[in-house]
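Subject: A structure for you to look through

Hi,

Here is the structure I promised to pass on. Please open it next to this email and follow along as you read.

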Amino acid sequence: MFFYLAFIASGGLGGLIATTRLIAALTNPARAPEVPEMLQGLGIDIGAVSLFAFLYYRENTAKNAQIARLSREETLANLKLRVNDTRTIPVNSLRGIARLVICAGPESYILESFRLSEPFTESLLDRGVLVVPFATDGNLPSFDFDESEEMKDLTTKKKRLWQLNPSIISDWSKWIDEQKKLAGVSPESPVYLSLRLDGRVRGSGVGYPPWNALVAQLPPVKGMWSGLFDGFDGRV
């Protein structure tokens, strides 16, 4: 960006000099043959200034967008979560440990998201996925867990997958509403966001989380694959 500004200044100075010489030539008939060459030089200077001004604008816009995105993600990192209703932690404490999937919508949406996730419970846990259900209508969902002895192991895994809950609801609501506004999504629309292991947003959308796609795209976080594919969470 520094060099873009330098080139803009250089082209602007060259254009100023060329304009001065052109005016002098136009007022002196003896220098009329020099006018085409001066016009050509002035055109080159104007073209150079326009090109580097465009490149600077594009670079500056991208930089501002990146800063804004990082700022939003840092705000997300500082939001609070309740773990099994026993302790409170910030989202950033799970960096490198879990891939969060945030489900934001009314109680009915949360319950349906829970139902759709059930066939993928073990696979999601193997990939470090933990779900954060945020009920936008204020109705806390009550999940139906099968407490029978034969389903005890699977029920324990389901509870682990859905063990997180937002704390300080007003902060979560403000953050979710800002993301919807930036994305041009209706405030009433249920949405999901999936985070990478580094805490950055890897995907989002309107509707239910694509549990099957998450299982297919994300590498396991245990065993021989642990650490090897940590950077393959998907692009930001």
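Before we start on the sheets, one definition: two strands pair if DSSP finds at least two bridges between them. Helices and strands here are DSSP runs (H or I, at least four residues, for helices; E, at least two, for strands), numbered from the N terminus.

Please keep in mind that this is a predicted model, in which local features need pLDDT of at least 70, side-chain atom pairs count only at pLDDT 80 or more, and totals for chains, interfaces and linings use all residues. Residues are numbered from 1 along each chain as its sequence is written, and side-chain values use heavy atoms, with hydrogens and water left out.

Find strand β3 (residues 99-105) and look at its partners. With strand β6 (residues 191-195), β3 pairs in the antiparallel sense over four bridges, and there I102 stands opposite L193. With strand β4 (residues 129-135), β3 pairs in the parallel sense over seven bridges. In β4, I102 has V132 as its bridge partner, while A104 stands opposite F134.

What is the order of the strands in this open sheet? It is β4-β3-β6-β7, four strands with mixed pairing. The edges are taken by β4 and β7 (201-206), each with a single partner strand, so one side of each has no neighbour in the sheet. On average, neighbouring strands of this sheet are turned by 15° against each other, direction ignored. (For angles, axes are lines fitted to C-alpha atoms, for helices over the stretch in contact, and angles run from 0 to 180 degrees between N-to-C directions.)

Is β3 mostly covered or mostly open? Mostly covered: seven of its seven residues are buried, where buried means under 20% relative accessible area, exposed over 50%, and partly exposed in between, with a 1.4 Å probe and protein chains only. In a regular strand the side chains alternate between the two faces of the sheet. In β3, R99, V101, C103 and G105 lie on one side and L100, I102 and A104 on the other, and all are buried. Helix α3 (residues 107-117) lies across β3, β4 and β6, running at about 140° to β3.

The three-stranded sheet

A second open sheet has three strands in the order β2-β1-β5, with antiparallel pairing. At its edges stand β2 (87-90) and β5 (164-167), each with a single partner strand, so one side of each is left without a neighbour in the sheet. The twist from one strand to the next averages 40°. Strand β1 (residues 80-83) is joined to β2 by four bridges, and L81 has I89 as its bridge partner in β2. Helix α6 packs on this sheet and touches β1 and β5, its direction making about 90° with that of β5. Contact, here and below, means heavy atoms within 4.5 Å.

How the helices pack

Two packed helices are described by the angle between their axes and the distance between the axes. Helix α1 (residues 2-26) and α2 pack at an angle of about 155°, with their axes 8 Å apart. That makes α1 roughly antiparallel to α2; angles under 35 degrees count as roughly parallel, over 145 as roughly antiparallel, 65 to 115 as roughly perpendicular and the rest as oblique.

In helix α1 you will find I8. I8 touches V49, F52, A53 and Y56, not counting residues up to four places away in sequence. I8 and S50 are 42 residues apart in sequence, and 8.0 Å apart in space from C-alpha to C-alpha.

Next, follow helix α2 (residues 35-77) to helix α6 (residues 169-183): their axes come within 10 Å and cross at roughly 155°. That makes α2 roughly antiparallel to α6. R72, T75 and L76 of α2 make the contact with W172, W175, Q179 and L182 of α6.

Have a look at T155 in helix α5 (residues 152-161). T155 is buried, with a relative accessible area of 4%. Leaving aside its neighbours within four places in sequence, T155 is in contact with F145, D146 and E147.

Happy exploring!
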